[in-house]
Amino acid sequence: MELLNMLTAALRHDIRKLFYPGLDLHTRNRASLTRFWGTGPRDVLDAGSGNGYFSWLAYQTGARVVALNYDQEQVEKARDFLIVHKGADPDRLHFEQRNLYDLTRETRTFDEIICFEVLEHLVRDRDVLAQFYRILRPGGALHLCCPHRLHPRHQAEVLDTKETGGHVRAGYTEEDYRKLLEPAGFHIASVVGIGTPAVYHSDRILRRLRNRFGDWAALPLFPITLPALWLARFNPRVPFSLYVKATKPWVPHET
């Protein structure tokens, strides 16, 4: 029985390696935003790291990555998969269980901060952004991606007013981002919409199959949906998500 369990676990990890980061097309689509990231040795914070996919992408560009996640189980799964099974250097990819509201006690600083599909879950988004600005080094960049508030999918969503894990707001528009980021001191360098109707509808079909029958049922359809990603473009008329690159200005030293 123990041997069977070991073989089953090994097979599961092999399948996960093959299809990582999974069947979620929106997550895969956000990988296109890495073109706005830096490269080479630098310190990166992944604030709200989920399954660790974007931490892994930053690691692959040469960064030293600290990945924060509120969910201890996700932390352990990401650590086990990316460090133990994919062989990432634990000195350069580090996972921690942390609440982003506790960043007031963070003493490390970073060259880049990634925060993808997280801020819409937080009531006190301004407080978190203020801490991002504080721990970001001058000249550094915040990479923020959240649902686009005007997309029909997000407009129809029932919001989680008690902040128990769901979306506390429908998302953000470019104007919303500016009202949040510029008073905090950030300079907005780029705003890009992602998530075309083709990606949205393909993902919705996959999600229905997965929710009803499990991932195995959706797997045969998955390769058919990939062209929706390959043909996806930036700035569709009403994007599913909205990305912003915001920088912390250099402050001249006083003489």
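How many strands form the open sheet, and in what order? In this predicted model, in which local features need pLDDT of at least 70, side-chain atom pairs count only at pLDDT 80 or more and totals for chains, interfaces and linings use all residues, 7 strands form an open sheet in the order S3-S2-S1-S4-S5-S7-S6, with mixed pairing. Residues are numbered from 1 along each chain as its sequence is written, and side-chain values use heavy atoms, without hydrogens and water.

Strands (E, at least two residues) and helices (H or I, at least four) are DSSP runs numbered from the N terminus; two strands pair if DSSP finds at least two bridges between them. The edge strands, each pairing on one side only, are S3 (93-97) and S6 (187-194). From one strand to the next the twist averages 15°. S6 pairs with S7 (residues 241-247) in the antiparallel sense over 7 bridges, and isoleucine 188 stands opposite alanine 246 in S7. Helix H5 (residues 125-135) packs on the sheet, touching S1 (43-47), S4 (110-116) and S5 (136-147); contact means heavy atoms within 4.5 Å. The direction of H5 makes about 150° with that of S5. Axes are lines fitted to C-alpha atoms, for helices over the stretch in contact, and angles run from 0 to 180 degrees between N-to-C directions.

The structure holds 12 aromatic pairs (rings of Phe, Tyr and Trp, the last by its six-membered ring, with centres within 6.5 Å; planes under 30 degrees apart count as stacked, over 60 as edge-to-face and the rest as tilted). The ring centres of tyrosine 20 and phenylalanine 81 lie 4.9 Å apart with planes at 50°, so this pair is tilted. The pair links distant parts of the chain, 61 residues apart: tyrosine 20 lies in the loop between helix H1 (2-19) and H2, phenylalanine 81 in helix H4 (residues 72-85).
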